[in-house]
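Dear colleague,

Please find the structure below, with its sequence. My notes on what was found in it follow.

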Amino acid sequence: MYIKSTFGTIESSGLNMSFLLSCFLLTVLCRTTDALNSVAWYYGDAVPVQQLSKFEVAVVSPSSNLNPATVSGATKYFAYVSLGEVTSDLPYYRDVPKSWIVAGNDVWGSEVINISVPAYADFFATKVVGPLWTRGYRGFFLDTMDSYELYATTSAAQAKQKAGMVNVIKAIKARYPSASLIFNRGFEILPQVHDLVYAVAFESLYASWDNEAKIYKPVDAEERNDLLAEVRNSKQLYPNIPIISIEYCAPTNNVCQQNAITNVRAQGVIPYVADGLLMTMGRSV
Ligand SMILES: *[C@@H]1O[C@H](CO)[C@@H](O)[C@H](O)[C@H]1NC(C)=O
């Protein structure tokens, strides 16, 4: 990770030749840049810092009791942020112009934002990320990156939303160059922003949660194959970007958890398994 952020810094100051040279001399070190092994998600109010200390990265809710400025230990705390949707409980909700809301997401009771609105990139960097940065968060998990598919159905409309999403990522990194970003999917914009991302996550390669029916269920082979195609493509084009799969199993279902972990690791993907709402402590081994 250290080398990875160094790469960004050196490259942006136009000295990529010297980086390439040192990378050549330190081939072994350079090859281990993606040695991320464990990431946890915990959205409960009382963050179990002791249990999360076993993980390299922990994604928490910004409304939790965690104080990122004072928490000690090696775990890097990331704040959950929603890129494509808003809910009325968010502190910045009243600042979102109503004209930016273009759909509802019935499954989660949230509102979907038109991310191609030109002012949205700056809004997101200043009003969403800004206050969290001030509180001490240096990492951000960008969720709902595929919500635009709920209202942008033609490829032309989707292209506009993807461009808007790229602008959001660039605006965050322009304002906070050392911010670490984990995407929830976003595979389709990696060609534009692969050098700005810390890791890519997605949900459910094997085990899923149906939030409407409130049930756990296995993932269809077809869905899994689509995701695996994205994984293979990303690994081939951007081998240094770690890929994480969040799997959902009932907290009491040890067999589901163990199988998901084994199967995800076998695909060269980092597993994290927890309950469907990520409100209990999960596991990656
Ligand atoms: C989204 O915003 C863009 C840019 O302002 C606009 O052209 C487009 O019509 C909007 N889409 C919807 C569905 O409102």
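The lining of the largest cavity comprises four nonpolar residues, three polar ones and no charged ones (Ala, Val, Leu, Ile, Met, Phe, Trp, Tyr, Cys and Pro count as nonpolar, Asp, Glu, Lys and Arg as charged, and the others, Gly among them, as polar). These lining residues are Ile115, Ser116, Val117, Pro118, Ala121, Gly164 and Asn167; each has an atom within 4 Å of a cavity point, that is, a point on a 1 Å grid over the protein atoms alone where a 1.4 Å probe fits but cannot get out. The space in this cavity is about 30 Å³, a volume being the space filled by probe spheres set on the points, which are joined across faces, edges and corners.

The model is predicted: local features need pLDDT of at least 70, side-chain atom pairs count only at pLDDT 80 or more, and totals for chains, interfaces and linings use all residues. Residues are numbered from 1 along each chain as its sequence is written, and side-chain values use heavy atoms, with hydrogens and water left out.

Turning to the ligand, Val102, Asn114, Ser116, Val117 and Pro118 surround it (a heavy atom within 4 Å). A ligand oxygen atom lies 2.3 Å from a side-chain N or O atom of Asn114, and a ligand oxygen atom lies 3.5 Å from a side-chain N or O atom of Ser116. Of the 360 Å² of accessible area that the ligand has on its own, the protein covers 45% (Shrake-Rupley method, 1.4 Å probe). The shell around the ligand holds three nonpolar residues, two polar ones and no charged ones.

Yours sincerely

Definitions and conventions: On a 1 Å grid over the protein atoms alone, a cavity is a set of points where a 1.4 Å probe fits but cannot get out, and a pocket is an open set with protein on both sides within 12 Å along at least five of seven lines; lining residues have an atom within 4 Å of a point. A polar contact is a pair of N or O atoms within 3.5 Å; within protein, one must be able to donate a hydrogen and the other to accept it, and residues adjacent in sequence count only if both atoms are side-chain atoms.
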